[in-house]
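These are my notebook entries on a single model. I set down what I looked up, in the order in which I looked.

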Amino acid sequence: MKLFLTLFLASLYGASATEIHWTVAQSPILLTNDFEIPPGDTLVVEAGVVVQGTTGQHYILPYQNSTLRIVGTTNSPVIFINAGIGAYNSSTLIYAESLTMTNGWIQAYTTETKCQITNSFFSNSQLSIRAQTNILTKNIFLQTAFSDFARTLLKNNYFAGWSGYLLNFPESSTVRLNTFLDTQRSVIRGGPFDMSQNYWATSDTNVIASRIYDRNDSFSIAGYVSFQPFLSTPDGHTPSGPPTPNPPAQPQITIKNSVQLKFLTQPLAYYRIEGSDDFTNWVSLTSNMLGNGGVNQWYCPADQQHKFLDRKIVV
């Protein structure tokens, strides 16, 4: 069973500090401190890698002229749990494909930074990106807060249950073909701004207007937000909702002594432990457990060791 790895710079940088790779063989990786990408270097986080923070907020920090490349796939995303990305130095590049982030942060506070995020899934996270150029396409954002964005292409994204506003988009931004499902919170505060060609899950213009805070609500705001025409159905290239987790492998475990069972979970998926003494008739040993994208664990009770010789994980 793989154990969490504490980051030791010497072992992860290797002989050459030009391009650093975090691989599945090193995963899951436990961030006990901030991890700095030296100026001019590149960190590549490969598909299937799990990066998890410990206590407090720990970040991957690209320094001047450095690059962070997160290269997950649809079936093998890169998973961040309680971990963040912070770009506070000039001329950095953040690229993320198929990233799953839970309880995380992306903060980019320099105008020379460029940030591109696509086909990714965020839950209970926060994005604050004042980079020179931002491209966010085909992502899913659940209960994720946005603030302080610079010029941005925001296209074919799915939003639900977010908190706060999509703040401070300049007029040069493009916000098109997104799905906005939450009817209880304002989507944007500011103006003037064009938000036409988005799907709001309603055709009631009063409801849509109530989700926009512009000069109609306060004379302190310079202009108005236009939202018409709007889409009557979601755009076909926009995600329709959270991804369906893949079923985990079914480990068969023979119990001889007290056993601790650990297994990697998918966000928003339910798991339970079943036991059997004949490989045919299975009995639930736990109630449903909600996965958070991290490692769940379960201890075999001593009084059940002689009753159930085998265990399996089921969705």
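In which sense do β11 and strand β14 pair, and over how many bridges? I worked on a predicted model, and there I found β11 and β14 (residues 114-118) paired in the parallel sense over five bridges. Within this pairing, Leu 93 has Lys 114 of β14 as its bridge partner.

**Entry 1: the neighbourhood of β11**

I then turned to the other partner of β11. Strand β8 (residues 67-71) is joined to β11 by five bridges, and the two run parallel. I noted Ile 94 in β11 as the bridge partner of Leu 68. I also checked burial along β11 (residues 93-97): four of its five residues are buried, so the strand is largely enclosed by the rest of the structure.

**Entry 2: the whole sheet**

Eight strands make up an open sheet with parallel pairing, in the order β2-β5-β8-β11-β14-β17-β20-β23. At the edges I found β2 (19-22) and β23 (174-176), each of which pairs on one side only. From one strand to the next, the twist averages 5°.

**Entry 3: strand β9**

Next I looked up β9 (residues 78-81) and asked whether its faces are covered or open. Both are covered: Val 78 and Phe 80 on one side, and Ile 79 and Ile 81 on the other, are all buried. β9 pairs with β6 in the parallel sense over three bridges, and Ile 81 is the bridge partner of Gln 52. β9 also pairs with β12 (residues 99-102), again in the parallel sense, over four bridges. In that pairing I noted Ile 79 opposite Thr 100.

**Entry 4: the loop residue Ala 47**

I placed Ala 47 in the loop between β5 (42-46) and β6 (50-53). Its relative accessibility is 24%, so I recorded Ala 47 as partly exposed. Beyond its sequence neighbours up to four places away, Ala 47 touches Val 24, Val 71, Gly 72, Thr 73, Ser 76 and Val 78. I also took the C-alpha distance from Ala 47 to Ser 98, which is 8.4 Å for a separation of 51 residues in sequence.

Nonpolar side chains in soluble globular proteins tend to be buried together. The largest nonpolar core here has 45 residues, and those with the most contacts inside it are Trp 22, Leu 43, Val 45, Ile 70, Phe 80, Leu 127 and Met 195. Apart from this core lies another of five residues, among them Ile 140, Leu 142, Tyr 158 and Ala 160. I listed the contacts of Ile 70 outside four places in sequence: Val 45, Val 78, Phe 80, Ile 85, Tyr 95, Ala 96, Glu 97 and Leu 99.

**Entry 5: aromatic pairs**

I counted seven aromatic pairs. Trp 22 and Phe 35 form one that is edge-to-face, at 4.9 Å centre to centre and 70° between the planes. Trp 22 lies in β2 and Phe 35 in β4 (residues 35-37), so this pair ties together parts that are 13 residues apart in sequence. Trp 22 is buried at 0% relative accessible area, and Phe 35 is buried at 1%. Phe 227 and Phe 230 form a tilted pair, at 6.4 Å and 35°. Of these, Phe 227 is buried at 11%, whereas Phe 230 is partly exposed at 22%. Lastly, I recorded one aromatic cluster formed by Phe 122, Phe 141, Phe 159, Phe 180 and Trp 200.

Conventions:
Residues numbered from 1 in each chain as written. Predicted model: local features only at pLDDT ≥ 70, side-chain atom pairs only at ≥ 80, totals over all residues. Heavy atoms only, no water. Buried < 20%, exposed > 50% of the residue type's maximum accessible area, 1.4 Å probe, protein only. Contact = heavy atoms within 4.5 Å. Pairing = 2+ DSSP bridges. Axes fitted to C-alpha atoms, helices over the stretch in contact; angles between N-to-C directions. Core = buried A, V, L, I, M, F, W, Y, C linked by side-chain atoms within 4.5 Å. Phe/Tyr/Trp six-rings, centres within 6.5 Å; stacked < 30°, edge-to-face > 60°.
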